[in-house]
Amino acid sequence: MQKKSSVRFVCIGDLVADYYYNDKQLTNVDGGRSKFNDLANLGKMGNNCVTFSACSNSKIGEMLCIGLKQCNVDITYVQRLNIPSRIYNLVKEKNGTYRCTKKCPKCGKSTWYEESFVRYSDIKSLIHQNDVFIFDSIKLEDIENMAQITSHDILLDIGSISYLSKIPPKTLKSVLQRKYEIVQLNQKVADYLLEIFKVNSYEQLKNFINSNLIIITLGKKGAYFLTKAFSCSKSLILPAKEVDTLGAGDAFFSTFIDEYYKQNKKIGKNFIDYTFNRAIQTTRHIVQSEGGRGHLYKKIKIKEIANTCVCQDFEIQNGR
């Protein structure tokens, strides 16, 4: 199974920076958000990848571009604008989990903004016939973008109910009924959909999500797979030593995307078995490194600037 996919994977929307904190001590900065992590993983696997995005013209924006470029993602169409940076702060708790906030732990301010500066309508003329689009939420902006993508494959990776909970059930059902190639949900999202659609089993979600493959990730328990022809579950065994589980789900999804297109969208039990085994090998490696992309490239080192909060700008010490 060494064929190379002939498609180009695409993301739309403004870039996001992840800041990692241990208490109020900044330990790492890197690019974040699931769809861009998916794209970075796919680029490292040798796929053709591009993002149509905007980011700050500060060193924060430069850092985001460096990370994607290191993963062979085409950043030609990333606009560097005089805008704030979308920053997601992940504060490590004593139990090893993260508390996520858009407020800076150092100064208490937020530079986050909701609406992207780049939409599908802005870049329609730059789209290729073989483009495959990756989305990681279905907030209004994403729904509007997807509505205009009528002749391309769409992949959907939902790991949070924060936006889902704002969508009326009727609208949510309509959005999920459009055609997808692969949809990945984590257990929290899948259980939320069970409640909203008033059903009792993951198997019944096939009636509400129009996708060739539905993946429900169950953390350390493994994953559940739903296809139009069959359903199955797979157990996951992770190493005893876990540094950080962030990014594991994104890399898992990326592996299935990569293999799905290499195999010309053919899904059988052998495909699930092979790809799951390949994915967990990657996952075992990821959880032993820090951050969502710690397994993809060397840590980008930054230096804080005197009298300037790190959420506003910083210096890059090892730019490439």
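Predicted model: local features only at pLDDT ≥ 70, side-chain atom pairs only at ≥ 80, totals over all residues.
Local features need pLDDT of at least 70 and side-chain atom pairs count only at pLDDT 80 or more, while totals for chains, interfaces and linings use all residues. Residues are numbered from 1 along each chain as its sequence is written, and side-chain values use heavy atoms, with hydrogens and water left out.

**Cores**

The largest nonpolar core holds 57 residues. A nonpolar core is a set of buried Ala, Val, Leu, Ile, Met, Phe, Trp, Tyr and Cys residues joined through side-chain atoms within 4.5 Å. Buried means under 20% relative accessible area, exposed over 50%, and partly exposed in between (1.4 Å probe, protein chains only). Phe-9, Tyr-19, Phe-225 and Phe-256 have the most contacts inside this core. A second, separate core has 42 residues, including Ile-127, Ile-154, Phe-197 and Leu-226.

Phe-225 touches Phe-230, Phe-252, Phe-256 and Phe-276, among others, not counting residues up to four places away in sequence. Contact means heavy atoms within 4.5 Å.

**Helix α5**

Helix α5 spans residues 169-176. Helices (H or I, at least four residues) and strands (E, at least two) are DSSP runs, numbered from the N terminus. Leu-172, Val-175 and Leu-176 are its buried residues. They fall within an arc of 95° seen down the axis of α5, so they line one face of the helix. The arc is that of the directions from the helix axis to the C-beta atoms. Lys-170 and Ser-174 are exposed on the other side. The buried residues of α5 pack against α4 (140-148), β10 (153-158), β11 (180-186) and α6 (187-196).

**Cysteines**

The structure holds zero disulfides. A disulfide is a pair of cysteine sulfur atoms within 2.5 Å. Two cysteines are set out below.

**Ser-53**

Ser-53 lies in strand β4 (residues 48-56). Ser-53 counts as buried, at 0% relative accessibility. Its side chain reaches the backbone oxygen of Gly-13 at 2.7 Å. Leaving aside neighbours within four places in sequence, Ser-53 is in contact with Gly-13, Asp-14, Leu-15, Phe-36, Tyr-77, Val-78, Gln-79 and Val-118.

Terms used
Polar contact = N/O pair within 3.5 Å; in protein donor to acceptor, adjacent residues only side chain to side chain.
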